[in-house]
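Here's a quick briefing to read with the model open on your screen. It goes from the overall fold to a few spots worth a look.

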Amino acid sequence: DPALVHELMTTAEAVAREAGALVHGGRPTRVTVHATKTSPVDVVTAMDLASETLVRERLAELRPDDGILGEEQGFVRGSSGITWVVDPIDGTVNYLYGLASWSVSVAAVVAGPDEHGAPDPRTWTVLAGAVHSPTDGRTYVAGAGQGATLDGAPLRVNDPQPLDRCLVGTGFGYLVERRRAQAVVVADLLPRVRDIRRLGSAALDLCAVAGGGLDLYYERGLAPWDMAAAGLVASEAGAVVTGLRGRPATDAMTVAGPPGGIDPLLSFLEDHGADATA
Ligand code: IPD
């Protein structure tokens, strides 16, 4: 239903922008990163919580029957069949350090069946999503079957390129053992590509693929809220968003790029068993 998708797109954008303004305005001009071990984390946690609380309040007003899954406050089931999947700050380390690449991500999904009833990227259908980048005021919006835009202008992935001409984005999880494995994959990939970027916000990485700022992106370990909105932005901009060996994009592996152009990266990651180890 295009009218419903449009309503969800408008809601996602409004809520992401409002939460982004709150978080952006609330960042101390200088976070004392090295002052104590816990304070920087506490600053981020406090803003994450404030942002998610605002999103939950707004959605309860605008869409009272929908469920919500957020990074900070978990899953609350709704009665409408629609669930909002929210990352109140994607790119928390950049936010902490005052670097520009962080975002607020809000998506509306119809969840497939899963053992806990929570939205699962293997089976969900994403209807609408918005990714707002407060530091430059940019907002990416997509609706299922409606295309993807950046501040109203249509987005399109780059044409497929040989791997050695591709700018490739990736990211790393927080687990030390996984990082060791990810470093091995990166070390072998780096000599084969134009270059590698680690922007620090998975949602903005996927949006960069949508807009041609990256040719390709891959990452192991994404949470549902990292990929819900931005995965739709990428796919509506013409990207293939997938896992390895024909599996859907999940925490095991998310790869995005233009049809055809993505294939050499998929083969490389499959050869390296990157969804099992890296
Ligand atoms: C992280 C960012 C980062 C990615 C990590 C994510 P967070 O999200 O998206 O780019 O590499 O895997 O956990 O923790 O800042 O919400």
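## The chain at a glance

The protein chain has 8 helices and 13 strands. Keep in mind that this is a predicted model. Its 278 residues would give a radius of gyration near 19 Å as a compact globule, and the chain's 18 Å agrees with that.

**Overall build**

- Taken along the principal axes, the C-alpha atoms fill a box of roughly 50 × 50 × 40 Å.
- Of the 278 residues in the protein chain, 52% are buried.
- Take the contacts with a separation of 6 or more: 64% of them are between residues 24 or more positions apart.

**Salt bridges**

- Side chains of opposite charge can pair when their charged atoms come close.
- How many salt bridges does the structure hold? The count is 12.
- One of them joins the side chains of Glu-7 and Arg-63, at 3.0 Å from N to O. Glu-7 sits in helix α1 (residues 2–26) and Arg-63 in the loop between α2 (39–62) and β1 (67–70), so this pair ties together parts that are 56 residues apart in sequence.

**Helices α5 and α6**

- Two packed helices are described by the angle between their axes and the distance between the axes.
- For α5 (residues 202–211) and α6 (residues 224–236), the angle is about 5° and the axes are 8 Å apart. That makes α5 roughly parallel to α6.
- Which residues meet there? From α5 come Ala-202, Ala-203, Leu-206, Cys-207 and Ala-210, and from α6 come Asp-226, Met-227, Ala-230, Gly-231, Val-233 and Ala-234.
- Sorted by type, the residues of this contact are 9 nonpolar, 1 polar and 1 charged.
- An α-helix has 3.6 residues a turn, so residues three or four places apart point the same way.
- Why call α5 largely enclosed by the rest of the structure? Because 9 of its 10 residues are buried.
- The buried residues of α5 are Ala-202, Ala-203, Leu-204, Asp-205, Leu-206, Cys-207, Ala-208, Val-209 and Ala-210.
- Just after α5 comes Gly-212, which has a positive phi of about 85°.

**A cysteine in a loop**

- Cys-166 lies in the loop between β8 (153–154) and β9 (167–170).
- Although it's in a loop, Cys-166 is buried, with a relative accessible area of 2%.
- What does Cys-166 touch, leaving aside its neighbours within four places in sequence? Its contacts are Gln-161, Val-193, Arg-194, Asp-195, Asp-215 and Leu-216.
- If you're looking at Tyr-218, its C-alpha is 12 Å from that of Cys-166, and the two residues are 52 apart in sequence.

**Backbone spots to check by eye**

- Most residues other than glycine have a negative phi, and most peptide bonds are trans.
- Asp-151 is not a glycine, yet it has a positive phi of about 50°. You'll find Asp-151 in the loop between β7 (147–150) and β8, and it is partly exposed, at 48% relative accessible area.
- Arg-245 also has a positive phi, near 55°, again in a residue other than glycine. The place to look for Arg-245 is the loop between β12 (240–242) and β13 (254–257). With 43% relative accessibility, Arg-245 counts as partly exposed.

Notes: Residues are numbered from 1 along each chain as its sequence is written. This is a predicted model: local features need pLDDT of at least 70, side-chain atom pairs count only at pLDDT 80 or more; totals for chains, interfaces and linings use all residues. Side-chain values use heavy atoms; hydrogens and water are left out. A salt bridge is a side-chain nitrogen of Lys or Arg within 4 Å of a carboxyl oxygen of Asp or Glu. Helices (H or I, at least four residues) and strands (E, at least two) are DSSP runs, numbered from the N terminus. Axes are lines fitted to C-alpha atoms, for helices over the stretch in contact, and angles run from 0 to 180 degrees between N-to-C directions. Angles under 35 degrees count as roughly parallel, over 145 as roughly antiparallel, 65 to 115 as roughly perpendicular and the rest as oblique. Contact means heavy atoms within 4.5 Å. Ala, Val, Leu, Ile, Met, Phe, Trp, Tyr, Cys and Pro count as nonpolar, Asp, Glu, Lys and Arg as charged, and the others, Gly among them, as polar. The radius of gyration is taken over C-alpha atoms; the globule rule is 2.2 Å times the number of residues to the power 0.38. Buried means under 20% relative accessible area, exposed over 50%, partly exposed in between (1.4 Å probe, protein chains only).
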